Amino acid sequence: MKRLALLLAATAIATPSMAADILVPEPPAPAPMAIEPIAQTTTWSGLNLGVQAGVAFGNSDNGANFNTSDPVFGTGVFNDDDNAGFIGGAHIGYDYQFQNNVVLGAVTDFNYIDAETNRSYTTPGGAEFNANSEINYLGTVRARLGYAMDNVLVYGSGGLAYAGVDNNISAPSIAGYDFDSNGDDADIGYTVGAGVDVMATQNLSFGVEYLYTNLGSNEQSVTGTGTGANAGQTIRYTSESNDDDLDFHTVWAKASYHFN
């Protein structure tokens with residue numbers, strides 16, 4: 001009986017020691033995961049069309065002058081009144097984005113515009129002359145070059161501008177003179193500017209654009225031919241000067257749908 005007790009005690013003492021000698025292998029380390037670089041998700045390549053709206057405003061250059069040899073009417077400078085007006089329309093364009101994120105494209109737009117320049121001059125004798133230039137529509141055909149930072153595109157633009165311009169001149173009723181007026185429509189010129197577009201969704205972008213437009217020389221004139229006792233005399237008003245180009249600025253917001 002004592003032998004059995006001693007055997008059981010020895011077994012109990014040896015069992016933990018044997019269990020400690022059993023090696024449990026550690027689980028293998030997880031394989032390293034490859035992290036893919038984040039690719040650019042926005043592309044500016046493709047056809048786009050949309051709408052724009054904003055404001056147009058001009059330059060005051062006091063460029064008109066009244067020329068006459070008659071001291072009653074004198075010689076003076078016309079006062080300019082350039083009013084800001086609404087401009088809005090639609091555009092269509094195509095862009096191509098190169099691998100280095102350079103974007104090259106072309107765009108054409110057509111706009112209704114409500115902008116005008118009014119000039120007036122009151123002679124020393126109290127006669128008032130008035131000239132008005134009103135732009136009815138404006139279109140451009142432009143190239144644009146930009147740089148894309150994923151969904152943001154910053155660009156410059158420039159090209160041809162054309163417009164419909166109404167020139168109106170009114171002369172006072174002056175005894176002894178018959179007045180005849182004429183004006184050249186300044187309707188072809190150039191435009192340059194810059195803008196920024198942001199792609200809000202895969203196909204929809206919003207942007208802001210500034211353009212400077214110059215439609216060239218805009219000469220207007222009124223000629224008064226003397227009658228009766230004033231026969232042989234001429235009074236002439238002309239708006240031609242060294243700085244009378246019909247030019248203005250536009251700032252507009254735009255929205256475009258991209259077919260890419």
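Which residues form a nonpolar patch on the surface? They are Leu 47, Leu 49, Ile 92, Tyr 94, Tyr 96, Phe 98, Leu 104, Leu 145, Tyr 257 and Phe 259, with about 960 Å² of accessible area together.

Some ground rules. This is a predicted model, where local features need pLDDT of at least 70, side-chain atom pairs count only at pLDDT 80 or more, and totals for chains, interfaces and linings use all residues. Residues are numbered from 1 along each chain as its sequence is written, and side-chain values use heavy atoms, with hydrogens and water left out.

Back to the patch. Members have over 30% relative accessible area and no salt bridge, and nonpolar side chains (Val, Leu, Ile, Met, Phe, Trp, Tyr) are joined within 5 Å. Areas are Shrake-Rupley, with a 1.4 Å probe. Strands S1 (46–58), S5 (85–97) and S14 (247–259) each supply at least two residues. S5 gives the most, with three. Strands here are DSSP runs of E, at least two residues, numbered from the N terminus. Leu 47 sits in S1. Leu 47 counts as partly exposed because its relative accessibility is 35%. The classes: buried is under 20%, exposed is over 50%, partly exposed is in between.

Now the salt bridges. The rule is a Lys or Arg side-chain nitrogen within 4 Å of an Asp or Glu carboxyl oxygen. The whole structure has six. Asp 95 and Arg 144 meet at 2.7 Å, N to O. That pair links S5 to S7, 49 residues apart. Asp 95 is buried because its relative accessibility is 1%. Arg 144 also forms a salt bridge with Asp 197, at 3.3 Å between the closest N and O atoms. Asp 197 lies in S10 (residues 188–199) and Arg 144 in S7, so this pair ties together parts 53 residues apart in sequence.

Arg 142 pairs with Asp 109, with closest N and O atoms 2.8 Å apart. Both Arg 142 and Asp 109 are buried. A network of salt bridges links Asp 95, Asp 109, Arg 142, Arg 144, Asp 197, Glu 209 and Lys 254.

Last, the cavities. A cavity is a set of points on a 1 Å grid where a 1.4 Å probe fits but cannot get out; lining residues have an atom within 4 Å of a point. There are two cavities of 30 Å³ or more.

Key. Patches are made of residues with over 30% relative accessible area and no salt bridge: like charges are joined within 9 Å, nonpolar side chains (Val, Leu, Ile, Met, Phe, Trp, Tyr) within 5 Å. Helices (H or I, at least four residues) and strands (E, at least two) are DSSP runs, numbered from the N terminus. Buried means under 20% relative accessible area, exposed over 50%, partly exposed in between (1.4 Å probe, protein chains only). On a 1 Å grid over the protein atoms alone, a cavity is a set of points where a 1.4 Å probe fits but cannot get out, and a pocket is an open set with protein on both sides within 12 Å along at least five of seven lines; lining residues have an atom within 4 Å of a point. Grid points are joined across faces, edges and corners, and a volume is the space filled by probe spheres set on the points.
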